[in-house]
Amino acid sequence: MGKRRGHGEGAIYQRESDGLWCTSVDLGIVSGKRKRKVIYGKTRKEVAEKLKALHRDQLLGVNLSAEQLTTGAFLDRWLQQVVAIRNRPRTHISYSDTVRLYIKPHLGTTLLLKLTPEHVQAMLNALSAQGLAPRTVTYTRAVLRKALNQALRWGHVHRNVATLVDVPAARRHTIAPLTVDQARALLQAVQGHRLEALYRLTLSLGLRRGEALGLRWQDVDLEHKTIRIVQSLQRVKGKLVMDAPKTHTSARQLPLPDVLADAMRAHQAAQEVERVIAGEEWQEHGLVFPTSVGTPTEPRNLVRHFKTALRAAALPETTRFHDLRHSCATFLIAQGVHPRVVMEILGHSHIGITMDTYAHVLPESQRQAVDGIADLFNLPAETPGDPAEPPGPAPGGEAAAEEESPPDDDPPSA
């Protein structure tokens, strides 16, 4: 017979057959049946400690009925039941590839409840040792962290171990926005081309490539001079598809300056000519920037034309199409536009992205702003003389003005 159990320990007893100490815990009704968990140990103390840990997990809401769930099986369930439903197809593909290539080979067979920070750290170290880029390793940790957050909500674990590990320092891509002169040279190189308006729109409003190629005429209001970004053209599993914007804040309405509205009207007229020339070959998709027969433009073909335009403009061929979006942001910030407004124009999910991405532009803009404030308090130097002596009467018997306002250098604009 075993010793008398301690308070709160449950029925801990020693088996006569093999001398092991054990106890059982009621897990409640699972799938219509009452389930119990048996705990074994070589000593009463070992079983008591395991029992206390199990009670702690129960208090924390851990789903103990899923204790035999492996990390790999959970990740498959998460991808199918959460990511595939809530996220964009490209995101689902990216997460699935990361799970398959990097996480499962290292953690797939580990029980989810037994997963520790050491397991995750060992995986990240191994991926780095394989030569993966720091950004890829960091992204892998981010995917696992997101999955384990869901495991936490489902009660499968009581902490997210992916948040307790170190990742290699990621090398941030150095953005290379165009200068104003370079932007003008690019627009000069594409002047008269059927996609000239696309380049103007991207440089002026910071559209992403997929957003520009997914723009429809029904989203363009030339009367009120606005456009709505509501979809994006992406290649998913070898097919061109219209997808939702990158984030909920990417769906946005933007104003069209007069010069852009005029460019869009000219582009619309040119497209009507293309439609007539194509005749029966024209396939109407309602797109603003389709091919010459109305079908969606292959994103890679746009990049190819962009590289050709760079050469024609004698600009660095290392410039990416996405750098046009960065150029728009830097132009706005250089003009003193508040980062919050820049964030809304670009469709960033939060202002931290804007501030981090364009931190190199902000110091000069901040200096200009502070200099402007300083000018408000830059009082004119006093005129030599007795300040206590009141000014005498002006000629004609009227008091002279204290200070004459200089004439305007330029006449006021209408």
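## A buried salt bridge

Glu-211 is buried, at 2% relative accessibility. In this predicted model, Glu-211 forms a salt bridge with Arg-252. The closest N and O atoms of the pair are 2.9 Å apart. Glu-211 sits in helix H8 (residues 209-213), while Arg-252 belongs to strand S8 (residues 252-255), so the pair ties together parts that are 41 residues apart in sequence. Arg-252 is buried too, with a relative accessibility of 8%.

Arg-208 joins this pair. Arg-208, Glu-211 and Arg-252 form a network of salt bridges.

## Other salt bridges

How many salt bridges does the model hold? The count comes to 21. Side chains of opposite charge can pair when their charged atoms come close.

One of the salt bridges joins Arg-216 and Asp-219, with 3.0 Å from N to O. Asp-219 counts as buried because its relative accessibility is 3%, and the cut-off for buried is under 20%.

Another salt bridge links Arg-184 and Asp-181, with an N to O distance of 3.8 Å.

## A positive patch on the surface

Four residues gather in a patch of positive charge on the surface: Arg-86, Arg-145, Lys-146 and Arg-153. Which helix gives the most to the positive patch? Helix H5 (residues 134-154) does, with three residues.

Lys-146 is one of the patch members, and its place is in helix H5. Lys-146 is partly exposed, with a relative accessible area of 39%.

## Two residues with positive phi

Most residues other than glycine have a negative phi. Lys-225 has a positive phi of about 55 degrees, although it is not a glycine. Where does Lys-225 lie? Its place is the loop between strand S4 (220-221) and strand S5 (226-229). Lys-225 is partly exposed, at 29% relative accessible area.

Ala-314 has a positive phi of about 55 degrees and is not a glycine either. Ala-314 is found in the loop between helix H10 (299-312) and helix H11 (322-334). With a relative accessible area of 70%, Ala-314 is exposed.

## Cysteines and disulfides

A disulfide is a covalent bond between the sulfur atoms of two cysteines. How many disulfides are counted in the model? The count is zero. A pair of cysteine sulfur atoms would have to lie within 2.5 Å to be counted.

Cys-22 is buried, with a relative accessible area of 1%. Cys-328 is also buried, at 1% relative accessibility.

Ala-73 and Ala-84 both belong to helix H2, which spans residues 71-86. Ala-73 is partly exposed, with a relative accessible area of 34%. The C-alpha atoms of Ala-73 and Leu-111 are 9.2 Å apart. Along the chain, Ala-73 and Leu-111 are separated by 38 residues.

Ala-84 counts as partly exposed, at 42% relative accessibility. Its C-alpha atom is 9.8 Å from that of Tyr-95. Ala-84 and Tyr-95 are eleven residues apart along the chain.

Is Ala-169 buried or exposed? Ala-169 is exposed, with a relative accessible area of 66%. A distance of 8.2 Å separates the C-alpha atoms of Ala-169 and Thr-138. These two residues are 31 residues apart along the chain.

Terms used. Residues numbered from 1 in each chain as written. Predicted model: local features only at pLDDT ≥ 70, side-chain atom pairs only at ≥ 80, totals over all residues. Heavy atoms only, no water. Salt bridge = Lys/Arg side-chain N within 4 Å of Asp/Glu carboxyl O. Helix = DSSP H or I, 4+ residues; strand = E, 2+ residues; numbered from the N terminus. Buried < 20%, exposed > 50% of the residue type's maximum accessible area, 1.4 Å probe, protein only. Patch = residues over 30% accessible without salt bridge, like charges linked within 9 Å, V, L, I, M, F, W, Y side chains within 5 Å. Areas by Shrake-Rupley, 256 points an atom, 1.4 Å probe, with all protein chains shown as cover. Lys, Arg positive; Asp, Glu negative; His and termini not counted. Charge placed at Lys NZ, Arg CZ, Asp CG, Glu CD.
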